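Biologist: Could you walk me through this one? I'd like to know what stands behind the labels.

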Amino acid sequence: MDAVNDAANHSAEPAPGPRPEGGHRLYPRVTSFRMRRGAISPARQDSWDEMWPRIGKDVADEKLDADAWFGRSAPVVVEIGCGTGTATAAMAQAEPEFNLIGIEVYKPGLAQLVQRIERDKIENIRLLRGDAVDVLENMIAPESLTGVRVFFPDPWPKARHHKRRLLQPETFALIASRLIPGGVLHVATDHADYAEWIGLYGNAETQLIGMNEPTGGDPEAYRNKAPIGFERPITKFENKGLRAGSAITEFIWGKIES
Ligand SMILES: C[S@@+](CC[C@H](N)C(=O)[O-])C[C@H]1O[C@@H](n2cnc3c(N)ncnc32)[C@H](O)[C@@H]1O
């Protein structure tokens, strides 16, 4: 059997073996990601050393005080799996009114974004390094997020790997619990089978209501009222055209307002 745990099995033990750099908490269990190695250039490492203590945190048992971390009070929007952060940086520049938090496990990706943040003097991004499920469970307070974005989560196409998909029923429930009433979950995928899965489990989550066609809602009824926009920049993954020709499905849900 693969030495993996799945995102739905939140209580699984870490895989045995040596702990990677940074301690076990960064990779407490393999969920929707595999550990990837990658070199970081000396310039990026310098940028990381300079910036990370202020704008980054490793996942920990510590409730996040976003206002204190950003040094201002503003609606918080989380992006899960921000990769190298091309879209994250673009959204931050286009949305100065939001405090954006990127969550990612892959340090070289984060390092690329950190360098961009430093170069472009972007003030409204903070980064959390670790498993997004762990971060949401342990660092993010219920009903504290105005938006959650998940752009091109790994599709894990083989049936025996579906348990590794990030967007399990439990993850939808967790994400929904962290949204404020009226907050928005925006997911995009270019993988037809994962799109079906996302639609099935997302639409079954009772804390969410559909706000666009793939989620069974009427976008015109919500577009101008929703607290975050329904548009998004092209991401690095999309730009690579890895699966050129694949249709992209966008899912937009709102957290029910009781
Ligand atoms: C296919 S890439 C897409 C990256 C980016 N959103 C884009 O569109 O360019 C998926 C990313 O999600 C990250 N990821 C997967 N599972 C994660 C998890 N549980 N927590 C945080 N990041 C995760 C991976 O490391 C990877 O960078």
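Modeller: Let's start with what a helix is here: a DSSP run of H or I with at least four residues, numbered from the N terminus. On that basis, threonine 88 is found in helix 3. Keep in mind that this is a predicted model.

Biologist: What makes threonine 88 count as buried?

Modeller: Its relative accessibility is 1%, and buried means under 20%, so threonine 88 gets the label. Ala87, Ala89, Met91 and Ala92 are also buried in helix 3.

Biologist: And what does threonine 88 touch?

Modeller: Leaving out residues up to four places away in sequence, threonine 88 touches Glu79, Cys82, Leu100, Leu113 and Ile125. With glutamate 79 there's a polar contact, side chain to side chain, at 2.6 Å. The cut-off for such a pair of N or O atoms is 3.5 Å, so 2.6 Å passes.

Biologist: Which elements do the buried residues of helix 3 pack against?

Modeller: Strand 2 (76–80), strand 3, helix 4, strand 4 and strand 5 (145–151).

Biologist: Helix 4 comes up there. How do you know that its reach is close to the expected one?

Modeller: Helix 4 covers residues 107–120, which is 14 residues. The expected span is 1.5 Å times one less than the number of residues, and that comes to 20 Å here. From first C-alpha to last, helix 4 reaches 20 Å. Just after helix 4, lysine 121 takes a positive phi of about 50°.

Biologist: Which residues of helix 4 are buried, and what do they pack against?

Modeller: The buried ones are Lys107, Pro108, Gly109, Leu110, Ala111, Leu113, Val114 and Ile117. They pack against helix 1 (42–55), helix 3 (86–94), strand 3 (99–104) and strand 4 (125–129).

Biologist: Now the rings. How many aromatic pairs does a search of the whole structure find?

Modeller: Six.

Biologist: Why is the pair of tryptophan 48 and tryptophan 52 called stacked?

Modeller: The ring centres are 4.1 Å apart, and rings pair within 6.5 Å. The planes are at 10°, while stacked needs under 30 degrees, so the pair is stacked. In general, an α-helix has 3.6 residues a turn, so residues three or four places apart point the same way. Both tryptophan 48 and tryptophan 52 are buried.

Biologist: What makes lysine 107 a charge over a ring?

Modeller: The charged end of lysine 107 is 4.8 Å from the centre of the tryptophan 48 ring, and the distance limit is 6 Å. An angle test applies too: within 35 degrees of the ring normal. Lysine 107 is listed as sitting over that ring. Likewise, the charged end of lysine 57 sits over the ring of tryptophan 69, 4.9 Å from its centre.

Biologist: What about the ligand: how many residues surround it?

Modeller: 18 residues, and the closest are Ser32, Gly81, Glu104, Phe151 and Thr235.

Methods
Residues numbered from 1 in each chain as written. Predicted model: local features only at pLDDT ≥ 70, side-chain atom pairs only at ≥ 80, totals over all residues. Heavy atoms only, no water. Helix = DSSP H or I, 4+ residues; strand = E, 2+ residues; numbered from the N terminus. Buried < 20%, exposed > 50% of the residue type's maximum accessible area, 1.4 Å probe, protein only. Contact = heavy atoms within 4.5 Å. Phe/Tyr/Trp six-rings, centres within 6.5 Å; stacked < 30°, edge-to-face > 60°. Near = heavy atom within 4 Å. Polar contact = N/O pair within 3.5 Å; in protein donor to acceptor, adjacent residues only side chain to side chain.
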